[in-house]
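This briefing is for a reader meeting the structure for the first time.

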Amino acid sequence: MKLLESSIFEALNSALRINTGQCTIIGRVESYSCKMAGNDKRLYKIINAEGCSPNDLQALSPPQSIISYSHSPLKGYSYSNSDDGESGVGHLCDTISRKTLFYLISTLNSSFHPDYDFSSAKSDEFSKEPSIRWVMSAVDSNFLSTSAHQVYSGIRNQLWSAIDNEINFTDCDIYSYNPDLNSDPYAEDSCLWSFNYFFYNKKFKRIVFFTCCAYREANDLDMDDERVYDMNAIDLSDE
């Protein structure tokens, strides 16, 4: 996977490093081409071992957002009864092709290189999100739960607009990575919440990866120069 340079994403990534004194948010938005590099070819052969086809389908886990929202209904969303009669969001098991799974794992490897290797990740560690509205609401809820919500509100529209311009929400599938503690790059006692979203546009052959984590006790983290970003000083306009 090749990282695509973007000045607007670089500015947003600076804005998504927030220290409020009560918590620290570290977020990144990155765009990747689905063109394979050297290490990707090796992983591709592993995932598509002998007897397997890139088009073979594998099962995904249910979206975490649906599980959460089925217990905490949000205004503006419709809910249906599940097969067991309980109130919630009806949802069938989604599947993913080996080729698309390879793209998601390669994106993780590229984004977290060299600290983590996700080559052994399985399909049931990923979910397909029902819509961009669900994802936006999930991200909004995370930020609203911290003291960084005012800073996030100041960049929210620019953030989602930039991602939409890069990947085109109406023509992409959205996946999330929800690992166990042994595989989670954010598995620390100070982690309040984290998320990993992939916006995959098959026509563009491109993935936008949005990852973020909130930590307690921000003073204990190794921030670059321990800087707190001034939103008024960051230019989020396209060059």
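A search of the whole structure finds 20 aromatic pairs, where rings of Phe, Tyr and Trp (its six-membered ring) pair if their centres lie within 6.5 Å, and planes under 30 degrees apart count as stacked, over 60 as edge-to-face and the rest as tilted. This is a predicted model, in which local features need pLDDT of at least 70 and side-chain atom pairs count only at pLDDT 80 or more, while totals for chains, interfaces and linings use all residues. Residues are numbered from 1 along each chain as its sequence is written, and side-chain values use heavy atoms, with hydrogens and water left out.

**Aromatic rings**

- Phe-112 and Tyr-116 form an edge-to-face pair, because their ring centres are 6.1 Å apart and their planes stand at 90°.
- Phe-112 is buried at 9% relative accessible area, whereas Tyr-116 is partly exposed at 36% (buried means under 20%, exposed over 50%, partly exposed in between, with a 1.4 Å probe and protein chains only).
- The charged end of Arg-28 sits over the ring of Phe-112, 5.0 Å from its centre (NZ of Lys or CZ of Arg within 6 Å of the ring centre and within 35 degrees of the ring normal).
- Ring pairs link a cluster that includes Phe-143, Trp-160, Phe-195 and Tyr-197.
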